[in-house]
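Visitor: I'm new here and would like to learn how to read a structure like this. Could you walk me through it?

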Amino acid sequence: MTDQIRFLMCAPDHYDVDYVINPWMEGNIHKSSRDRAVEQWQKLHHVLKDHALVDLVKPQQGWPDMVFTANAGLLLGKNVVLSRFYHKERQGEEPYFKEWFESQGYTVYELPKDLPFEGAGDALLDREGRWLWAGYGFRSELDSHPYLAKWLDIEVLSLRLIDERFYHLDTCFCPLAGGYLLYYPPAFDSYSNRMIEMRVPAEKRIAISEADAVNFACNAVNVDSVVVMNKASDSLKQRLADAGFRVIETPLTEFLKAGGAAKCLTLRVTEPVQVEVHANVSVESRTIRLEGHLLDSGLINRALDLIVDNGGSFQVLNFNLGEQRQSTSAADVKVSAPSHDIMEEIVTQLIDLGAVPPPQEICDVNLEPVTQAGVAPDDFYVTTIYPTEVRVHCEWVKVQNQRMDGAIAVNFTPDGPIAKCKLLRDLEIGDHVIVGVEGIRTVRKTESREQRNTQEFTFMGSGVSSERRVELVVEQIAWELRQIRDRGGKVVVTAGPVVIHTGGAEHLSRLIREGYVQALLGGNAIAVHDIEQAMMGTSLGVDMKRGVAVRGGHRHHLKVINLIRRYGSIANAVEQGIIPSGVMYECVRNNVPFCLAGSIRDDGPLPDTEMDLIKAQQGYAKLLEGAEMILMLSSMLHSIGVGNMTPAGVKMVCVDINPAVVTKLSDRGSIESVGVVTDVGLFLSLLVKQLDKLTSPYHLTQTV
């Protein structure tokens, strides 16, 4: 018997499954046999007494789960952190365990009442005493971990549990003597698994199967080379034997009905202190503020879900609810994360939702100089489509040239600081780039209940429209187009060759001719096939009127390319009467600028096609300046590129027969985008018909 090792247990005098607070209790209320439970507990008690000393705490009437003493608290040396149970069904156990600890001479630390932590069920010491593994996600809060580190003077490694069956760390994780670890990897998120792999060498990690996991093989008690558990497969027992451990199985099926086994039924109360180990914890906390119609819009729920889904924890510090229907609300939320990197990711996404630091908490963003042209400092902030402001000298400065996937460079001028979005390739040595996420906010529209109730076919809400809604959506788009044209606004069209193949060229041509389009973006293909149709009546060799391939038609597009190259440009070919009609013809005749971005698959290409990718991007960006609406017509890559260059506030319509394309554009997050899943030729036909129905000083007199 090892005298220095002691365990605390509690007899199952009042044990039963009286309620449901974990998945194992489902369907087992009052289905546990008291006699079998007593018998199984006594066998475990006797096994442990053969290898260690066992103390008992008196069971109490009305607290059936007190038998699971692992949850009483966490001990190290003569210090103990008392549990704060998550569920009210167990909170009454706390004073009884506190009384026992104090009677044994322990110094008892108590967490704030609203901060759940469930003792050695969610905090397990490395058997070599090097650090403390601490779980969170279901019963214990991440914010408890800094307290553990401080009070016990030990390094704390935070592990997030993601499988509700394994709601406590000790149900799926068991540190063993000699630095070995018995665990079930799917119970943890990817970050936690990486943490485990960084700390425990591969040869000492014993990952178990689901079959062993659901038998609570990890909910084991380790005393030197002995491992006591409910049940283990032959293969697991062999792996443990190969590592030098002897498995003792003792059935605990009655306690599995409540979600516990050997480890849950015991608390090791002799945990020696390693004098060379000291407090350290990577948990990071920040406070953010959310403002707007937080409940009506669901913003508060999205924010809190985002924090948890990304491995963080939260505490709502203040919530000021708007008193009237039109009033906005505000909430201050403390966000905690297990590492700096995870915190940065969470806060970045919260900024996208419009979260800001509390007033006056941040006076300046963090800036680092560019030391290599075209390369940003590490940890630079990546911009989004939303209007952004940054904190400089305790003032909010609006970021210019807003777009996705850039960096923010801040320059100081006599007139004050200037912040601009810059692509990585445009960064110059000496630029000062914002790093981290401190002092950044996005400006989002406040959405009220009334707006949500009327947004179905407007640009106030993003969405993907099904076939049965196409005509209704087209009505709204036509109305918007007319309004923009009549006030001298700007509409940009991004189009792919499918526009030509589906018979949409005549409709797009009319939109250009009648002033609805102020710029055209596309690739080599749309121009080639449009000119082929205008000159030869085919597109990719298919007769556009009869819908059949013509003899030798597969050569038509190359003949067209060759002819335009002879004339030097599309504009020259139009002026010489070579191109008689079509989309490109109308662009030239109506002085509508266009930019054709080339790719590796292009034949020819046409002389107007820009094969330098960077120049093509610059050409796109220039034509997008000042756009109020963008029509994206069946061109996935060009549309995605345009979307990334476009700030929030620009209305976007993405039309494609492939729902995946439409969804991808909608997923960028702009609340002014609409997706229409339909044939682009049909869409354009419906659009010009709807425009015909509208009255305007610019009455349409021409027919298609």
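Guide: Let's start with pairing: two strands pair if DSSP finds at least two bridges between them. Helices (H or I, at least four residues) and strands (E, at least two) are DSSP runs, numbered from the N terminus. This is a predicted model, where local features need pLDDT of at least 70, side-chain atom pairs count only at pLDDT 80 or more, and totals for chains, interfaces and linings use all residues. Residues are numbered from 1 along each chain as its sequence is written, and side-chain values use heavy atoms, with hydrogens and water left out.

Visitor: In what sense do strand E21 and strand E22 pair?

Guide: Strands of a sheet pair through backbone hydrogen bonds, either parallel or antiparallel. Here E21 (residues 388-392) and E22 (residues 395-400) pair in the antiparallel sense, over four bridges. Val390 has Val397 in E22 as its bridge partner. Two residues sit between the strands of this hairpin, and His393 takes a positive phi near 55 degrees. E22 also pairs with strand E24 (residues 416-422), in the parallel sense over two bridges; there, Gln400 has Lys420 in E24 as its bridge partner.

Visitor: What is the order of the strands in the open sheet that includes E1?

Guide: The order is E2-E1-E15, with mixed pairing. E2 (53-56) and E15 (267-268) are at the edges with a single partner strand each, so one side of each has no neighbour in the sheet. E1 (residues 6-9) pairs with E15 in the antiparallel sense over two bridges, and Leu8 stands opposite Leu267 in E15. Helix H1 (residues 34-49) lies across E1 and E2, running at about 135 degrees to E2.

Visitor: How do I read an angle like that, and at what angle do H9 and H10 cross?

Guide: Axes are lines fitted to C-alpha atoms, for helices over the stretch in contact, and angles run from 0 to 180 degrees between N-to-C directions. The axes of H9 (residues 299-309) and H10 come within 10 Å and cross at roughly 165 degrees. That makes H9 roughly antiparallel to H10 (angles under 35 degrees count as roughly parallel, over 145 as roughly antiparallel, 65 to 115 as roughly perpendicular and the rest as oblique). Ala303, Leu306 and Ile307 of H9 make the contact with Ile346, Gln349 and Leu350 of H10; contact means heavy atoms within 4.5 Å.

Visitor: Is Glu118 buried or exposed?

Guide: Buried means under 20% relative accessible area, exposed over 50%, partly exposed in between (1.4 Å probe, protein chains only). Glu118 is buried, with a relative accessible area of 0%. Glu118 belongs to the loop between strand E5 (107-110) and strand E6 (123-125). Leaving aside neighbours within four places in sequence, its contacts include Arg84, Arg139 and His168.

Visitor: Which residues of helix H5 are buried?

Guide: In H5 (residues 190-199), they are Tyr191, Ser192, Asn193, Met195 and Ile196. Among the elements covering them are strand E9 (173-175) and helix H10 (340-352).

Visitor: Which residues touch the most other members of the largest nonpolar core?

Guide: In soluble globular proteins, nonpolar side chains tend to be buried together. A nonpolar core is a set of buried Ala, Val, Leu, Ile, Met, Phe, Trp, Tyr and Cys residues joined through side-chain atoms within 4.5 Å. Of the 104 residues in the largest one, Trp133, Phe173, Leu182, Phe188, Leu350 and Val390 touch the most other members. Apart from that core lies another, of 54 residues, including Leu508 and Val676.
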